[in-house]
Structure formats: C-alpha cells, structure tokens
Amino acid sequence: MVHYKKHIYLLLSFLIAINSIACKEEHHEYHTIRDKIEDLSKSYDGNSITSEKYIKNLDLIEVTENGHTFLIPERKGKIELYACTECHTKPLEKMKGVDYQKAHWNIKLQHANENTMNCTTCHNKEDINSLTSFTGKKIDLNNSYNLCSQCHNQQYKDWAGGAHGKRIGSWAPPRASMTCVNCHNPHNPKIPSKWPARYNTQKVKERN
C-alpha cells in the first residue's frame with residue numbers, strides 16, 4: 001500500500017511540473033536565460049534592430065575602407081569657407097611673400113615640427129579644393145582620413161574596423177561613424193585634457 005501511494009505521489013508531482021512548465025511557456029517565463037534566447041531567436045531575422053531612426057536626418061555618405069563598408073558625415077558642406085577657390089584665385093606658390101595679413105591668421109599648426117610639416121604637406125598646391133598624399137595623389141576633403149592614415153595607420157585600421165572613434169546613433173546597423181576630423185582638429189590634433197565631471201572639492205580648495 002505504501003509503495004502504491006509513493007507511485008501516485010510521484011505521478012502527481014510529475015503532472016504538476018509539466019503543467020507548471022506549460023504555464024510558464026505560455027506566459028513567456030523561462031527556466032534559464034539560454035531558453036529565453038533560443039525561443040526569442042526563432043522569430044529574429046537579423047534586421048529587427050536598427051539605428052536608422054537615429055541617422056535618417058543626417059547628411060551621411062557611404063565609404064568602404066579596409067574591407068568595411070559604413071557611413072560617415074559629409075564634410076565639405078560643413079566647412080564654412082569651402083570652396084577654397086572662392087578666395088584662393090592664385091596657386092599657393094605664387095602667394096608666398098605677399099605683404100598682407102594672412103587669411104588664416106588664427107590657425108597655428110601644432111601637428112608636427114615645421115621641418116616635417118607645413119600647409120602644403122596636406123593641402124594640394126595644384127587643386128586647393130582638395131588634399132594631397134605624400135605621393136601627390138589627390139584626396140577629397142570628405143575622405144580626409146586617407147591623409148591621416150599615412151602616419152597613423154594603426155589608428156586608421158582600428159577606426160575602419162570600428163574599434164577607434166565614435167559611433168553615430170547606436171551600435172545597431174547600419175553603422176555610421178565619426179571621422180578623424182570630427183573629433184580631432186587637423187591642425188592641432190591633440191585632445192586637450194579635461195577635468196572629470198565630478199571631482200574632489202577638497203582638492204580644488206588645496207589647489208587654490
């Protein structure tokens with residue numbers, strides 16, 4: 001008799017457990033996070049998460065760099081004095097030694113020493129509306145990162161792969177990323193040090 005009751009008890013326990021699982025599945029409750037991921041993944045087609053709503057009103061262009069295709073901000077339309085030929089009616093070489101205040105008097109080149117770099121290291125002497133590589137290849141201002149990559153090749157590879165720089169919108173596709181000049185001043189690329197948003201007020205008093 002005791003043996004029979006034991007079997008009845010085990011059977012009832014089993015039925016209760018099965019019913020509990022069915023109820024949990026019906027209400028989307030899962031035993032483990034793996035169960036939940038596997039269940040929700042059945043209806044995921046890979047396109048349900050997107051950052052398009054964050055970037056749809058931005059002026060972006062598509063580029064393919066180092067095997068990666070993504071979006072970057074259009075730059076020439078944001079440069080206040082572009083096109084350069086509106087003011088530069090003579091080639092740069094013919095403007096040397098002209099006795100009047102320089103138009104770009106507020107720009108101080110702090111990128112490399114003057115024996116290594118000057119204005120024409122990056123700006124095309126033949127076509128002032130574009131940049132130039134070390135080998136004289138024309139570089140569009142929208143693709144100025146190709147100029148930076150000549151010296152900063154590792155940073156360029158990291159940026160093209162998404163490990164360096166700032167993402168626009170969100171991490172969901174389509175990928176849109178800032179370029180070098182969106183974060184760094186090309187004439188003075190070092191990002192200045194900043195105090196943290198919160199700091200020890202006692203230290204402030206000590207400094208004063």
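Cys 87 is exposed, with a relative accessibility of 61%; the classes used here are buried (under 20% relative accessible area), exposed (over 50%) and partly exposed in between, with a 1.4 Å probe and protein chains only. The model is a predicted one, in which local features need pLDDT of at least 70 and side-chain atom pairs count only at pLDDT 80 or more, while totals for chains, interfaces and linings use all residues. Residues are numbered from 1 along each chain as its sequence is written, and side-chain values use heavy atoms, with hydrogens and water left out.

The closest cysteine sulfur to that of Cys 87 belongs to Cys 84 and is 8.5 Å away, too far for a bond. Cys 119 is likewise exposed, at 56% relative accessibility, and its sulfur lies 9.0 Å from the closest cysteine sulfur, that of Cys 122, again too far for a bond. In the whole structure, the search finds 0 disulfides, a disulfide being a pair of cysteine sulfur atoms within 2.5 Å.

## Overall organisation

The chain has 8 helices and 4 strands, taken as DSSP runs numbered from the N terminus (helices: H or I, at least four residues; strands: E, at least two). Along the sequence, the order of these elements is α-α-α-β-β-α-β-β-α-α-α-α.

Of the 208 residues in the chain, 20% are buried. Contacts (heavy atoms within 4.5 Å) between residues at least 6 apart in sequence join residues at least 24 apart in 50% of cases.

## The largest nonpolar core

A nonpolar core is a set of buried Ala, Val, Leu, Ile, Met, Phe, Trp, Tyr and Cys residues joined through side-chain atoms within 4.5 Å. The largest one here has 7 residues: Val 63, Phe 70, Ile 72, Tyr 145, Tyr 156, Trp 159 and Ala 160. Strand 2 (68–73) and helix 6 (153–161) are the elements that give two or more residues to this core, and helix 6 provides the largest share, 3 residues. In soluble globular proteins, nonpolar side chains tend to be buried together.

The residues Tyr 156, Trp 159 and Ala 160 of helix 6 are buried. They lie on the same side of helix 6 because they cover an arc of only 95° around the axis, the arc being that of the directions from the helix axis to the C-beta atoms. The buried residues of this helix pack against strand 1 (60–65), strand 2 and helix 5. Just after helix 6, Gly 162 has a positive phi of about 100°.

Leaving aside residues up to four places away in sequence, Tyr 156 touches Glu 65, Asn 66, Tyr 145, Asn 146 and Ser 149. Ser 149 sits in the loop between helix 5 and helix 6 and is buried, at 12% relative accessibility. A polar atom of the Ser 149 side chain lies 2.9 Å from the backbone oxygen of Asn 146.

## Salt bridges

The structure contains 2 salt bridges, each defined by a side-chain nitrogen of Lys or Arg within 4 Å of a carboxyl oxygen of Asp or Glu. One joins Asp 140 and Lys 76, at 2.9 Å from N to O. Asp 140 lies in the loop between strand 4 (138–139) and helix 5 (145–148) and Lys 76 in the loop between strand 2 and helix 4 (119–122), so the pair ties together parts that are 64 residues apart in sequence. Asp 140 is partly exposed, at 30% relative accessible area.

Another salt bridge pairs Lys 138 with Asp 127, whose closest N and O atoms are 3.1 Å apart. This pair links Lys 138 in strand 4 to Asp 127 in the loop between helix 4 and strand 3 (131–132), distant parts of the chain that are 11 residues apart. Asp 127 is partly exposed, at 24% relative accessibility.

Technical notes
Polar contact = N/O pair within 3.5 Å; in protein donor to acceptor, adjacent residues only side chain to side chain.
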